[in-house]
Amino acid sequence: SKIRSDPVVEIGPEMMAEMRDGSEKGAGRMVVSSAGPMETIETDRARRLERMVFTREANALYTPADGGAPSRIAADQLVLDMERSGTKAQIGALEANGNVVVRQSAVAVGGEEIVARGSRLHWNRRTGQGTLLGAPFATIDRGANHAEAPKISFDAILAVAVLKGAKSMKL
């Protein structure tokens with residue numbers, strides 16, 4: 001385990017991109033920072049997996065390479081699961097825990113910022129899919145529209161949301 005007291009990590013396209021059927025999935029740039037220390041933990045030596053844990057006021061800015069809307073993720077803790085191959089590494093997944101807020105730029109989504117809140121977020125870079133959980137509810141707002149459910153699943157960060165479980169919506 002290694003601990004860094006200057007926890008700012010920039011993850012370029014080479015660490016995000018993966019070729020699938022001739023197109024890159026999850027390609028883009030991510031910058032992660034936090035007010036607390038960042039710890040790197042080797043989780044599986046044989047498969048060269050490691051986990052980067054950012055604590056206290058952790059933030060990530062994800063900008064897709066395809067020109068899609070950038071997303072900001074803020075939480076009490078951010079965890080990146082990294083897969084290493086030689087001298088290169090790729091993000092496998094991102095997990096955010098505690099007071100999770102995801103904001104997507106208003107410019108790219110028709111002038112209304114999308115804001116989602118919950119207690120836990122999991123995003124798989126390979127599939128682009130994720131889940132936002134809330135106790136009792138996760139919420140998603142776009143302008144005057146408001147929806148809440150215990151679980152919100154999405155394709156790409158906030159691109160298409162599916163509410164699961166009991167729902168409350170104001171459109």
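This report describes the fold, core and selected residues of a predicted model.

## Basis of the model

Local features in this predicted model need pLDDT of at least 70, side-chain atom pairs count only at pLDDT 80 or more, and totals for chains, interfaces and linings use all residues. Residues are numbered from 1 along each chain as its sequence is written, and side-chain values use heavy atoms, with hydrogens and water left out.

## Overall content

The chain contains 1 helix and 14 strands. These elements are DSSP runs numbered from the N terminus: helices are H or I with at least four residues, strands are E with at least two. Of the 171 residues, 41% are buried; buried means under 20% relative accessible area, exposed over 50%, and partly exposed in between, with a 1.4 Å probe and protein chains only.

The accessible surface of the chain is about 9,100 Å², and carbon and sulfur atoms account for 50% of that surface. Areas come from the Shrake-Rupley method with a 1.4 Å probe; for residues, only the protein chains shown count as cover. Contacts (heavy atoms within 4.5 Å) between residues at least 6 apart in sequence join residues at least 24 apart in 44% of cases.

## Nonpolar core

A nonpolar core is a set of buried Ala, Val, Leu, Ile, Met, Phe, Trp, Tyr and Cys residues joined through side-chain atoms within 4.5 Å. The largest one here has 28 residues, and M30, L78, L80 and L121 have the most contacts inside it. At least two residues of this core come from each of β5 (28-33), β7, β8 (71-85), β9, β10, β11 (129-142) and β12 (145-155). In soluble globular proteins, nonpolar side chains tend to be buried together.

## Aromatic pair

The structure has 1 aromatic pair. Y62 and W123 form this pair, which is tilted, at 5.1 Å centre to centre and 50° between the planes. Because Y62 belongs to strand β7 (residues 49-64) and W123 to strand β10 (residues 114-124), the pair ties together parts 61 residues apart in sequence. Both Y62 and W123 are buried. Rings of Phe, Tyr and Trp (its six-membered ring) pair if their centres lie within 6.5 Å; planes under 30 degrees apart count as stacked, over 60 as edge-to-face and the rest as tilted.

Strands β7 and β8 run antiparallel and are joined by 12 bridges; two strands pair if DSSP finds at least two bridges between them. T55 has Q77 in β8 as its bridge partner. The hairpin of β7 and β8 has 6 residues between the strands, and G67 in that hairpin takes a positive phi near 85°. E57, in strand β7, is not a glycine but has a positive phi of about 50°, and is exposed at 61% relative accessibility.

N99, in strand β9, also is not a glycine and has a positive phi of about 50°; N99 is exposed at 56% relative accessibility. Q104 lies in β9 (residues 88-104) and is buried at 6% relative accessibility. The Q104 side chain makes a polar contact with the side chain of S71 at 3.4 Å. A polar contact is a pair of N or O atoms within 3.5 Å; within protein, one must be able to donate a hydrogen and the other to accept it, and residues adjacent in sequence count only if both atoms are side-chain atoms.

## Strand β11

G134 lies in β11 and is buried, with 15% relative accessible area.
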